[in-house]
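I would ask you to look at the sequence and the structure together while I talk.

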Amino acid sequence: LVIQLVFMTYSNIFLQDRLKKLKSEHGKVQLGNISVDMVLGGMRGMTGMLWETSLLDPEEGIRFRGLSIPECQKVLPAAIKDGEPLPEGLLWLLLTGKVPTKEQVDALSKELLSRSKVPDHVYAAIDALPSSAHPMTQFTTGVMALQVSHFSSRLVLIAPLILASCSDHEGGNVSAHTGHLVIFIFLSCHLSLMIIQLQVGSALSDPYLSFAAALNGLAGPLHGLANQEVLLWIKSVIEETGSDISTDQLKEYVWKTLKSGKVVPGYGHGVLRQTDPRYTCQREFALKHLPEDPLFKLVSKLYEVVPPILTELGKVKNPWPNVDAHSGVLLNHFGLSEARYYTVLFGVSRGIGIGSQLIWDRALGLPLERPKSVTMEWLENYCKNK
Ligand code: AMX
């Protein structure tokens with residue numbers, strides 16, 4: 001069955017012909033205009049890369065190979081009846097574009113399990129770090145150490161089911177894009193100066209190098225670390241006001257956070273303009289399994305309080321919650337109270353999407369990525385002469 005998976009993935013090789021045809025027949029078709037705002041705004045809204053495994057709609061949210069999250073919940077095999085989809089099923093879907101049977105998913109689990117022994121030197125590399133090292137640093141170190149082995153990772157499979165939906169979120173987000181670029185970082189010392197050269201491109205470096213780069217991007221608080229930040233922030237609310245917090249007290253706390261120059265973690269998004277469907281799916285799960293959890297109740301209250309405040313600020317494009325506003329509370333409920341590990345789980349989950357797309361990057365022979373950059377002076381002169 002695993003051979004079947006490889007075959008199904010590569011029998012899609014006709015996509016190479018589709019890509020060639022698209023390029024030769026429509027290569028000159030314009031996809032939009034680039035404004036100065038887009039250049040200064042971190043390339044927001046620029047359509048600029050190919051990503052086959054998922055597509056993100058600002059209003060509707062993510063679709064994996066055309067399937068929305070509720071559709072995936074309906075059709076992907078689960079471990080138990082009416083349970084959540086298994087991550088291996090999602091991996092199969094992302095790789096092949098086809099919904100697997102339970103038998104296929106079980107065979108894939110078995111195959112990955114048979115390759116899951118982690119070499120001793122990886123543990124030694126992680127243990128060599130100070131015990132205060134953040135779990136994301138330990139994770140990246142472990143992935144880099146794996147690069148020198150022939151280990152075939154089953155890491156993706158320990159992703160908790162509730163986090164399976166974080167596996168892929170189109171190509172432009174920080175972690176996926178970084179993994180796609182496959183960053184080589186060469187550090188060299190010269191006359192006591194650390195010269196950091198970033199050589200960027202689909203440079204045919206292997207999945208360990210690219211995944212480690214992606215994890216480093218995910219470890220930022222505006223991206224994957226937000227799930228850790230949310231739980232710590234929620235706990236700080238309770239510490240300061242007690243668990244029986246009133247709506248007015250909560251509003252006051254949100255304003256206090258904003259006035260201290262911080263963002264409200266778990267709210268807002270670079271692309272989405274509605275409540276993240278991953279948040280909605282986690283909320284439905286919580287309503288079913290932990291309706292009385294005090295932290296879940298607080299998360300629900302925040303859902304009422306935060307969006308009007310962010311709207312009142314006037315500059316936030318999406319006042320609605322993203323996936324990170326919810327995931328920590330679920331993990332905490334089921335006993336994983338060490339918030340510093342949450343982004344590790346996110347990273348494990350994201351490995352499914354980044355790994356699947358990486359295979360397609362290679363199969364389609366996607367070229368080295370090299371967008372053009374300009375200086376501020378170049379932009380000023382360009383605008384003057386317009
Ligand atoms: N709280 C306070 N201010 C916010 C905000 C929030 N949750 N979300 C956006 N803003 C502010 C921005 O900081 C920006 O302010 P500035 O003009 O003074 O710099 C302004 O609103 C406009 O930002 P935007 O266009 O709406 O968002 P963006 O695309 O620049 O940033 C994001 C998106 C996610 C970084 C931002 O919404 C944010 O910081 N959210 C909180 C952190 C978070 O939850 N991150 C996780 C995102 C999902 C993920 O990747 N895992």
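First, a word on the source. This is a predicted model, in which local features need pLDDT of at least 70 and side-chain atom pairs count only at pLDDT 80 or more, while totals for chains, interfaces and linings use all residues. Residues are numbered from 1 along each chain as its sequence is written.

The protein chain contains 17 helices and five strands. Here helices (H or I, at least four residues) and strands (E, at least two) are DSSP runs, numbered from the N terminus. Of the 386 residues in the protein chain, 34% count as buried. A residue is buried if 20 or more other C-beta atoms lie within 10 Å of its own, exposed if 12 or fewer, and partly exposed in between, with C-beta atoms placed from the backbone. Two residues are in contact if their C-beta atoms, placed from the backbone, lie within 7 Å. Among contacts in the protein chain between residues at least 6 apart in sequence, 75% link residues at least 24 apart.

Let us now consider helix 5. How many of the residues of helix 5 are buried? The count is 10 of its 10 residues, and Trp92 and Thr96 are among them. After helix 5 comes Gly97, which has a positive phi near 80 degrees.

Helix 5, residues 87–96, and helix 16, residues 342–363, have axes that come within 9 Å and cross at roughly 25 degrees. Axes are lines fitted to C-alpha atoms, for helices over the stretch in contact, and angles run from 0 to 180 degrees between N-to-C directions. Helix 5 and helix 16 are therefore roughly parallel to each other; angles under 35 degrees count as roughly parallel, over 145 as roughly antiparallel, 65 to 115 as roughly perpendicular and the rest as oblique. Pro87, Leu90, Leu91, Leu94 and Leu95 of helix 5 make this contact with Ile352, Gly353, Ser356 and Ile359 of helix 16. By class, the contact residues of these two helices are seven nonpolar, two polar and no charged. Ala, Val, Leu, Ile, Met, Phe, Trp, Tyr, Cys and Pro count as nonpolar, Asp, Glu, Lys and Arg as charged, and the others, Gly among them, as polar.

Helix 5 also packs with helix 6, residues 102–114, at an angle of about 100 degrees, and their axes are 9 Å apart. Helix 5 is therefore roughly perpendicular to helix 6. On the side of helix 5 the contact uses Glu88, Gly89 and Trp92, and on that of helix 6 it uses Gln104, Val105, Leu108 and Ser109.

Next, one residue. Setting aside neighbours within four places in sequence, Leu250 is in contact with Ile245, Lys301, Leu302 and Val305.

Finally, the ligand. It is surrounded by 21 residues, of which the closest are Ala226, Val263, Tyr267, Gly268 and Lys317. A residue is near a molecule if its C-beta atom, placed from the backbone, lies within 6 Å of it. The shell consists of nine nonpolar, nine polar and three charged residues.
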